[in-house]
Amino acid sequence: MDEQFLTQLEHTLSSIVQPNSAGLKEATKTLQTQFFTQAASVPALIHILQNNPDDALKQLAGVESRKLISKHWDALDETIKAQIKSSLLQTAFSEPKEIIRHANARVIAAIGSQELETNKWPDLIPNLIQAASGDDATTRQTAIFILFSVLEDFNPALTAYIDDLLNLFAQTINDPASLETRSLSAQALNHVSALIEEQDEINQQQAAKFCSLIPSVVNVLDAAIKADDTDNAKLLFNCFNDFLLLDSQLTGNTIADLIKLNLQIAVNTSIDEEIRVFAVQFITSALSYRKSKVSQSKLGPEITLAALKIAAEEIDVDDELNNEEEVCRKRENTPSLTAIRLLAFASSELPPSQVATVIVEHLPTMLQSTNPFERRAILLAISVAVTGSPDYILSQFDKIIPAAIAGLKDPEPVVKLAALKCVSHLTTDLQDEVAKFHEQFLPLIIDIIDTAKFVVIYNYATVALDGLLEFIAYDAIAKYLEPLMNKLFYMLENNNSSKLRCAIVSAIGSAAFAAGTAFIPYFKPSVQYLEKFIQNCSHIEGMSEDDIELRAITFENISTMARAVRSDTFAEFADPLVKAAYDAIKTDSARLRESGYAFIANLAKVYGENFSSFLETVIPEIFKTLQLDEYQFNFDEEELEALSGGVNEEELANKFTVNTGISYEKEVAAAALSELALGTKQHFLPYVEESMKVLNQQVDESYGLRETALNTIWSIVKAVLLAAKVEPEKYPKGIPTGSYVDASALAIIQSARETAINNLTDEFETSMVITILEDFANMIKQFGSIIIMDNGDSTMLETLCLQVSQVLAGTHACQTIDMEEDVPKDEELDASETEATLQDVALEVLVSLSHALAGDFAKIFETFKPLLFKLFESKSKNKRSSAVGAASELALGMKESNPFIHEMMEALVIRLTTDKSLEVRGNAAYGVGLLCQYAPFDVSAIYGPVLKAMYELLSTADQKALASEDDEATREIIDRAFANATGCVARMTLKHETLVPVEQTLPALLAHLPLNTGFEEYNPIFELIMKLYQEGNAIIVKETPKVVEVLATVFTKEQERIKLEQESTLGREENMDRLKQFQTEEMKLKVIELLKYLNTTYNGIVAQNPVLAGVIA
């Protein structure tokens, strides 16, 4: 060995291990460029590892030599290789210090990876197995560690030793002398499982042997916990997490047992908190990777109860009430916090019956507990459950709203804080539904703000106020506006904290959003209060994160105010504020750039085509942002050079990060691009090609933007079609043999179509599949079949239908990615709300196709009919309901051209007459009515049973409305049942009046009017009323006062809708069409003529009503 080379290498390494070494960077560079490029560095480093007196230098030499083995080992002389292998094995066992022994072992493992495959070190594994079976405890431990290190590098050549290794570890995992040896054996076993799985065909005996050893791994964990050995416990939990990913042949029935074991550990307060956190995290992983197993084993309720128990443990109250840094708290891992996170995840992954239902069942008991931590826990549980199970939580509002109110009144600050968080989360997910309770909530929240002794409570009360204000109905906010604005201005004046000001500014924006044009008197004072926060926008040096956030949130909320007060009122501030927004977009702050784009998006809503002059400056900045890199590899120059020396997967993972700030910024920029396209229409056309190119790239490559990018692509398609004067929902029905849009518009459609379809097949992210199907359903409904096919080419349509059928059958890639081969699909299980949404959007695609293709849809429906009818029989109420509702919509789409009316009628009548769910029966009623209307054959045979079912349905709905006996029948479901039943009866009467006992039916029908939802059902109802008057029917004549009363409500609601359209915040009421009382202008004119007739015939009865007097004037 070259002594000079060795001495220089030792000297250079010394510069690195010496603390505060000034020459560290230079030494690192010298190593990479002068020493580690030479094969001689390997024996030299190993010599240092074995002989240098400095332990730190020895350790460093071990680390560096391991890295260089893959690069230089083959270049070494065979004699030197043999000497190195022999000496390493010797020092690995003779070295007294464990850390150096381990460094030796890692080098042996690295050499083993090189030599085992070519069988150049055939005695390595047998010798190690022999040493690990010996009498000396230290020798056994060292041998096991070397074996573990070799296994860690995963070498297929080790497959030959699987049986020997299983037999060895079956012994050493119970080593009486050393917990460390037992732990290493368990970890090594974990790696053996990978070898078993890697074989072409899993060896059943090896799999069974491995499975039989899992209880021994549990025993080692138990020993580590009893010894307070947190380090080993963590490593063993890592093994358990890996077991979740194994083929079920290796785990057998142990997964459910492991979950139950971890539940026991998690709830045991005598165990170290860190270990309990590991246990909770394992359960979360089990939900992620073995959801089917958890669900079918009905472990959800057990998990939920355990999580509630842990969440209810005593916490550090002082920290909870005085720690303003929510971000820091989110990073903390205490049993209580991880239990809340577990509840959040479980509620989104499992059916409501296994999580949300259990939480709600324990709501009364825990809320009435004398223990404030129990009261806090149940409110926090509700707050996280709503995101995963919003529909179920909404159905339980009769229990949840009083609970939240009680929490706001609770004398304990930690409970009050939990209640504020609960209100905030509820408004985020259930928006208008929560805001309906503003009269109860607002005074309590204002009082908390006025009396708050803790900044955290003040802040959260303001956040809760903000969320509530945003969704208060337009007509309800007016009475609060003046005192509210005075209050918010006062709060702004009396707080210097940027963090608190953020919440206040957001609340001002929410008040504007709710108030619409009623906010005009407060707009100018608001801008005067807020403009100081956005002065000198491009200067951010020295600003804290909270200061930047305040500036950003001010931008966003001033633009929200612009949408509320509209263009004329905003005009005097427009130019300077747009300039400031542009300055924000040009800064180095991702958050400020994001807010600038949000401002632009809102202004595009306000000014529409008049905003086109800004496109030239704004669009290039959006493109720049969309092309920013979200991924970062954090290597410096020296580390990059060192990569050639080899780096393991863990080291790479540690160097790889995703910049979520950039992801958020890109998401808002894409949304702004969408608004600009839709707002400026034809003025946007020059930017379409580049936009599609950039967005397609993001769909393919982005970490967090794929769904938003795809939505934006379709927004651009819509903008192009609107610019070409294509009117939504006015297109030729049926399969297009040519194209009903021009060539340039068709090219854009084809590009979007191809991107969406290519990303639908084999897509494993459920949220992406939902986005794709949702976009197709919306666009096909608005613009017809050209969205999915043109010029007779149905290839893409066929692919879309195939993917939809896979979703409905539960076999799409996103549904099978987590499917466990040992868990048969259980049709009796309720679907999670995410799964239910996936089915809903798949069915919505079929509905849109039926409306677009009309009679041509029949051929497609023939293949879907068995799937749909099978869903009618599902044990899941959600699945039955959406399937029955979709079938009814398909009947509307195909109308008289439906060759399956008889089959559909039969299936829907069965649901109508036998299903226990009010929602399912209501949906069936809608379909039966439509099928009766369009049937070309005699349907009189069904009238008896259907009318009986209608009577029962309306009677049930009445009972629910009075007593709310159906735990999951919300007001919306009840109202929809009324609408569908009355519409069905009207259609049946119009079809065969003689088969309907009008003297009994008509008063019952009118008693359920006016409708509160499903206003499209007014069409047959109005037709029936007009027909009966034309016939001079005595029953309708007698009911004239009721008819006038109903129509007065109808026209009042229609006037309110028009007022809402004119005065509410732009974009707030985007589903305004669903509020239309008349589906066509023609129907409205017919009803007005009826009113004129009634007024003339019945002594001015109509003119006596002030609303109707104006209608007939």
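Which hand does the crossing of α1 and α2 have, left or right? The crossing is left-handed, a label given when the near helix is turned anticlockwise from the far one by less than a right angle, with right-handed used for clockwise. The model is predicted, with local features requiring pLDDT of at least 70 and side-chain atom pairs counted only at pLDDT 80 or more, whereas totals for chains, interfaces and linings use all residues. Residues are numbered from 1 along each chain as its sequence is written, and side-chain values use heavy atoms, leaving out hydrogens and water.

The two helices of this pair, α1 (residues 3–17) and α2 (residues 24–35), have axes that come within 8 Å and cross at roughly 145°. Axes here are lines fitted to C-alpha atoms, for helices over the stretch in contact, and angles run from 0 to 180 degrees between N-to-C directions. On the α1 side, the contact (heavy atoms within 4.5 Å) is made by F5, Q8, L9, T12, L13, S15 and I16. Helix α2 contributes L24, A27, T28, T30, L31 and F35. By residue class, the contact of α1 with α2 has eight nonpolar members, five polar and no charged. In this scheme Ala, Val, Leu, Ile, Met, Phe, Trp, Tyr, Cys and Pro count as nonpolar, Asp, Glu, Lys and Arg as charged, and the others, Gly among them, as polar.

Turning to the whole chain, the secondary structure comes to 56 helices and two strands. These elements are DSSP runs numbered from the N terminus, with helices being H or I of at least four residues and strands being E of at least two. The C-alpha trace spans about 120 × 70 × 70 Å along its principal axes. The radius of gyration of the protein chain is 35 Å, which agrees with the value near 32 Å that a compact globule of 1113 residues would have. That radius is taken over C-alpha atoms, and the globule rule is 2.2 Å times the number of residues to the power 0.38.

Of the 1113 residues, 55% count as buried, where buried means under 20% relative accessible area, exposed over 50% and partly exposed in between (1.4 Å probe, protein chains only). The accessible surface of the protein chain comes to about 46,800 Å², and carbon and sulfur atoms account for 49% of that area. Accessible areas come from the Shrake-Rupley method with a 1.4 Å probe, and for residues only the protein chains shown count as cover. Among contacts between residues at least 6 apart in sequence, 76% join residues at least 24 apart.

Some backbone details deserve a look. A cis peptide bond, with omega about 0°, joins L1009 and P1010. P1010 sits in the loop between α51 (998–1007) and α52 (1018–1031). Positive phi at a residue other than glycine is found at F154, with a value of about 45°, and at A854, with about 50°. F154 belongs to the loop between α8 (137–152) and α9 (162–172) and counts as partly exposed because its relative accessibility is 31%. A854 occupies the loop between α44 (833–853) and α45 (857–872).

The loop between α51 and α52 also holds E1017. This residue is buried, with a relative accessible area of 0%. Not counting residues up to four places away in sequence, E1017 touches Y926, R976, A979, N980, G983, C984, R987 and L1011. Its C-alpha atom is 84 Å from that of S15, a residue 1002 positions away in sequence.

R140 is part of helix α8 and counts as buried, at 11% relative accessibility. Beyond residues up to four places away in sequence, R140 touches A131, A132, G134, D135, D175 and A177.

Q806, in helix α42 (residues 795–809), is partly exposed, with a relative accessible area of 23%. With residues up to four places away in sequence left out, Q806 touches T811, H812 and Q815. Its C-alpha atom lies 55 Å from that of P521, 285 residues apart along the chain.

Finally, E1039 is placed in the loop between α53 (1034–1038) and α54 (1040–1063). Apart from neighbours within four places in sequence, E1039 is in contact with P1003 and L1006. The C-alpha atoms of E1039 and P1003 are 7.5 Å apart, for a pair 36 residues apart along the chain.
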